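Biologist: I have a model open and would like to learn how to read it. Could we go through it feature by feature?

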Amino acid sequence: MELIKDISRKIKSAKELESIVKTMKGLAAVSVNQYDHAVDSITSYYLTIEKGLQIVLQSQPQLGQLMNFSVNEDSPEQLFIVFGSAQPLCGTFNEVLASFVDQHSTKWDVNDIQIFTLGHRIIGNLERYGHSIAYSYEMPSTIERINTTVQELVKAVQQLNTKGEVPGVQLFYNHPVTNSSFEPIQQQLLPFDAEWIQTIVGKSWEGRSIPTYSMDSGILLSELTRQLLFVSLYRALASSLSAENNSRLIAMQIAEKKIGDMIHDLTKKYQMQRQVAITEEILDITSSFEVLREEDASNF
C-alpha cells in the first residue's frame with residue numbers, strides 16, 4: 001500500500017506542474033493575440049502594395065513580365081521555405097507540416113529541391129522523410145524579431161533568383177483555423193501568379209481620381225515587388241507563429257485538465273489512506289484501552 005507521505009509528495013509535485021502549465025497557457029494566449037494582430041496589420045499593408053502595383057501595371061502593362069524576375073516557370077528547380085517551430089510543447093505541429101511537405105514534394109525530383117527551414121525542430125521530421133536541409137534560420141522568439149528574419153529571407157531569395165539557381169519558391173507553413181489549432185498550407189511565392197497579375201491590371205480604381213507617380217516605372221515596380229515578397233513572407237511567418245502558439249495553448253489546456261484529474265484522484269486516494277490510518281489509530285487506542293481495562297479488572 002502506498003504511503004501517505006508519498007501521495008502527499010505527488011500531490012505537491014502535480015500542483016507545481018499545474019502552476020507551470022497555467023503560466024505557459026497564459027503566455028501562449030497572449031502570443032496568439034499578438035501574432036494575429038500582426039497578420040491583420042500586414043494584410044492591410046499588402047492591400048496598399050497591391051494598389052501601388054495596380055497603378056504601375058495599368059499605366060505600363062508590359063512591365064508585368066518583369067515581376068517574375070528571372071524565374072523560368074518550366075524549370076523543375078524549387079526552393080521550399082518551411083516554417084517549423086523552435087519551442088517544444090506544441091503538439092504535432094512539426095510532424096503534420098513535415099508530412100504535408102513530403103506529400104507535395106512528389107511533384108518534383110528530390111534532387112531539384114532545396115529546403116530552407118525556420119525552427120530547428122522541423123529538421124528531424126523532414127530528414128526522416130529523406131529530405132536534406134540546405135540552410136536553417138532561427139525562428140524569431142518575439143514579434144519584434146520578425147522583421148529581421150523576413151529581411152534575411154527576402155535577401156536570400158533575391159540572391160538565389162538573380163543567380164538563376166532557384167527559379168521557383170514555395171512556402172510551407174501551418175495556418176491557424178477556427179475551432180482547431182492549425183492546418184498546413186502551401187503558397188507559391190515565385191513566380192507570381194500570372195492570373196493574379198492580369199486581375200490587377202484589369203481591376204477598376206475605386207477612388208474618384210487615379211493616383212500618379214513621378215519616379216521611373218521600372219524602379220517603382222522593383223521596389224513594390226520587393227515589398228510584396230516581404231509582405232508574403234512576413235504574413236506566412238506571423239501565421240505560423242500564431243498557429244504554433246494556438247497549438248501550444250490547446251496542448252496546455254489538455255495537460256491542465258489531465259493534471260487536474262490526477263490531483264483529484266491523488267487527493268481522493270490521500271483522503272482514503274488518511275481515513276484508513278485514522279481508523280487504525282482509533283482501533284489501536286481502543287484495543288489498548290480494552291487491554292488496560294482488563295488488566296485493571298484482574299487486579300481487583
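Biologist: What is the order of the strands in the open sheet?

Modeller: Keep in mind that this is a predicted model. The order is 3-2-1-4-5, in an open sheet of five strands with mixed pairing. Strand 3 (135-137) and strand 5 (183-190) are the edge strands, each pairing on one side only. On average, neighbouring strands are turned by 20° against each other, direction ignored.

Biologist: How many bridges join strand 2 to strand 3?

Modeller: Three bridges do so, and strand 2 (residues 113-118) runs parallel to strand 3. To find the place on screen, look for T117, which stands opposite S136 in strand 3.

Biologist: Which helix packs on the sheet, and which strands does that helix touch?

Modeller: Helix 2 (residues 93-105) packs there, touching strand 1 (78-83), strand 2, strand 4 (168-175) and strand 5. The direction of helix 2 makes about 150° with that of strand 4.

Biologist: Next, the interior. What is the general idea behind a nonpolar core?

Modeller: In soluble globular proteins, nonpolar side chains tend to be buried together. Here the largest nonpolar core has 47 residues, and I81, F83, L171 and L233 touch the most other members.

Biologist: Which element gives the most residues to this core?

Modeller: Helix 6 does, with 13 residues. Among the other elements that give two or more residues are helix 1, strand 1, helix 4 (146-163) and strand 4.

Biologist: Which residues does F83 touch, leaving out those up to four places away in sequence?

Modeller: The contacts of F83 include F93, L97, L118, M139, L153, L171, F172 and Y173. F83 also touches L233, A236, L237 and S240.

Biologist: Now the charged residues. How should I read a salt bridge?

Modeller: Side chains of opposite charge can pair when their charged atoms come close. This structure holds five salt bridges. One of them joins the side chains of K25 and E256, at 2.6 Å from N to O.

Biologist: Which partner does K203 meet in a salt bridge?

Modeller: The partner is E50, at 3.3 Å from N to O. K203 sits in the loop between helix 5 (194-202) and helix 6, while E50 is in helix 1, 153 residues apart. K203 is partly exposed at 34% relative accessibility, whereas E50 is buried at 15%.

Biologist: Are E244 and R248 buried or exposed?

Modeller: Both are buried. Their side chains meet in a salt bridge of 2.9 Å, N to O. Both residues lie in helix 6, four residues apart, which is about one turn of the helix.

Biologist: One more residue. Why does S222 count as partly exposed?

Modeller: S222 counts as partly exposed because its relative accessibility is 41%, and that class runs between 20% and 50%. S222 lies in helix 6 (residues 217-298). Its C-alpha atom is separated by 9.9 Å from that of L63, 159 residues apart along the chain.

Terms used:
Residues numbered from 1 in each chain as written. Predicted model: local features only at pLDDT ≥ 70, side-chain atom pairs only at ≥ 80, totals over all residues. Heavy atoms only, no water. Pairing = 2+ DSSP bridges. Axes fitted to C-alpha atoms, helices over the stretch in contact; angles between N-to-C directions. Contact = heavy atoms within 4.5 Å. Buried < 20%, exposed > 50% of the residue type's maximum accessible area, 1.4 Å probe, protein only. Salt bridge = Lys/Arg side-chain N within 4 Å of Asp/Glu carboxyl O. Core = buried A, V, L, I, M, F, W, Y, C linked by side-chain atoms within 4.5 Å.
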